[in-house]
Amino acid sequence: MTEVSTRLYWLFQSLLAFVPYLLGGLLAGAIALAIGVFLARFLLWDWLLPLEESCLLTLKGWANPTLDRYMTALTWLAQGEITLPILVATGGILVYRHEAIAALVLAIGLGGSWLLNGIFKSLFRRERPNLWASSKRPMDYSYPSGHAMSAISFYGLLAANLTQCLSIPLGITATLATGLTLGVGFSRVYLGVHWPTDVLSGWIAGGIWLGACLYGLIQIGGI
């Protein structure tokens, strides 16, 4: 009982030490998204929107049932139905190996990307692309892409943890994480549910959030 209490105490202390990095990452990601909106709406809108529409229509021209299935599968890799079970399984392994701090930050990384995404979707309220009829188009707002943010932050942290705690070579984990991130983002544009700049902004903000989580994890000795 004493050992458990001691572990919980140090886990709580580590969480407190991580808070500044958490807040800094959220703030930096928010600033990046706000700058993206300013540039798009006030400086680049006249040529950016036609370019995005052309990109979406070009990808629509490539569409076929087989590619649709692959893109739908890629999209699912960044949804909670997939990421949460992976989080629980990986977190359990990390806790078993006495790496509870890394498990906690992995959960914070995923939750933080969801938080940023929800806040900015509500603030900016950019409409989804509506260039062709689709029953798969989500009903919420478009900017930024939550799938892109979740993919880069969650799979990036997962790659770092698998390398550090399970000794899987970084070349393997980083390559897989990068491939998944790019694939998920591309699938969102291919399926016509996001503008390309939604995905790009999601990657940038998610990358900043990932960097903050990794830096904080290193500083508190969790990696």
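# The helical packing of a predicted model

Visitor: Which residues have the most contacts inside the largest nonpolar core?

Guide: Phe18 and Phe154 have the most contacts inside that core, which holds 32 residues. Please bear in mind that this is a predicted model.

Visitor: Which elements give two or more residues to this core?

Guide: They are helix H1 (2–43), helix H5 (100–124), H6, helix H7 (170–190) and H8. The largest share comes from H6, with 8 residues.

Visitor: And Phe154, what is in contact with it, leaving aside neighbours within four places in sequence?

Guide: With those neighbours set aside, Phe154 is in contact with Thr83, Ile86, Leu87, Leu106 and Leu110.

Visitor: How many residues are in the other core?

Guide: That core, which lies apart from the largest one, has 11 residues, among them Leu56, Leu59, Trp132 and Trp195.

Visitor: Let us step back. How many helices and strands are there in the protein?

Guide: The protein has 8 helices and 0 strands. Its pattern along the sequence reads α-α-α-α-α-α-α-α.

Visitor: What percentage of the residues is buried?

Guide: Of the 223 residues in the protein, 42% are buried. As for contacts between residues at least 6 apart in sequence, 80% of them join residues at least 24 apart.

Visitor: Back to H6, then. How do the axes of H6 and H8 cross?

Guide: The axes of helix H6 (residues 146–166) and helix H8 (residues 196–219) cross at roughly 30 degrees and come within 7 Å. That angle makes H6 roughly parallel to H8. The crossing of these two helices is right-handed.

Visitor: Which residues make the contact?

Guide: From H6 there are Ala148, Met149, Ile152, Ser153, Gly156, Leu157, Ala160 and Asn161. H8 provides Val199, Gly202, Trp203, Ala205, Gly206, Gly207, Trp209, Leu210, Cys213, Leu214 and Leu217. By class, the contact of H6 with H8 comprises 13 nonpolar residues, 6 polar and no charged.

Visitor: A change of topic: where does Ser145 lie?

Guide: Ser145 lies in the loop between H5 and H6.

Visitor: Is Ser145 buried or exposed?

Guide: Ser145 is buried, because its relative accessible area is 0% and the cut-off for buried is under 20%. Leaving aside neighbours within four places in sequence, Ser145 is in contact with Asn117, Lys121, Arg188, His194, Asp198, Val199 and Gly202.

Visitor: How many residues separate Ile35 and Ser201 along the chain, and what separates their C-alpha atoms?

Guide: Ile35 and Ser201 are 166 residues apart along the chain, and their C-alpha atoms are separated by 9.7 Å.

Technical notes:
Residues numbered from 1 in each chain as written. Predicted model: local features only at pLDDT ≥ 70, side-chain atom pairs only at ≥ 80, totals over all residues. Heavy atoms only, no water. Axes fitted to C-alpha atoms, helices over the stretch in contact; angles between N-to-C directions. Helix = DSSP H or I, 4+ residues; strand = E, 2+ residues; numbered from the N terminus. Parallel < 35°, antiparallel > 145°, perpendicular 65-115°, else oblique. Left-handed = near helix turned anticlockwise from the far one by under 90°. Contact = heavy atoms within 4.5 Å. Nonpolar A, V, L, I, M, F, W, Y, C, P; charged D, E, K, R; others polar. Core = buried A, V, L, I, M, F, W, Y, C linked by side-chain atoms within 4.5 Å. Buried < 20%, exposed > 50% of the residue type's maximum accessible area, 1.4 Å probe, protein only.
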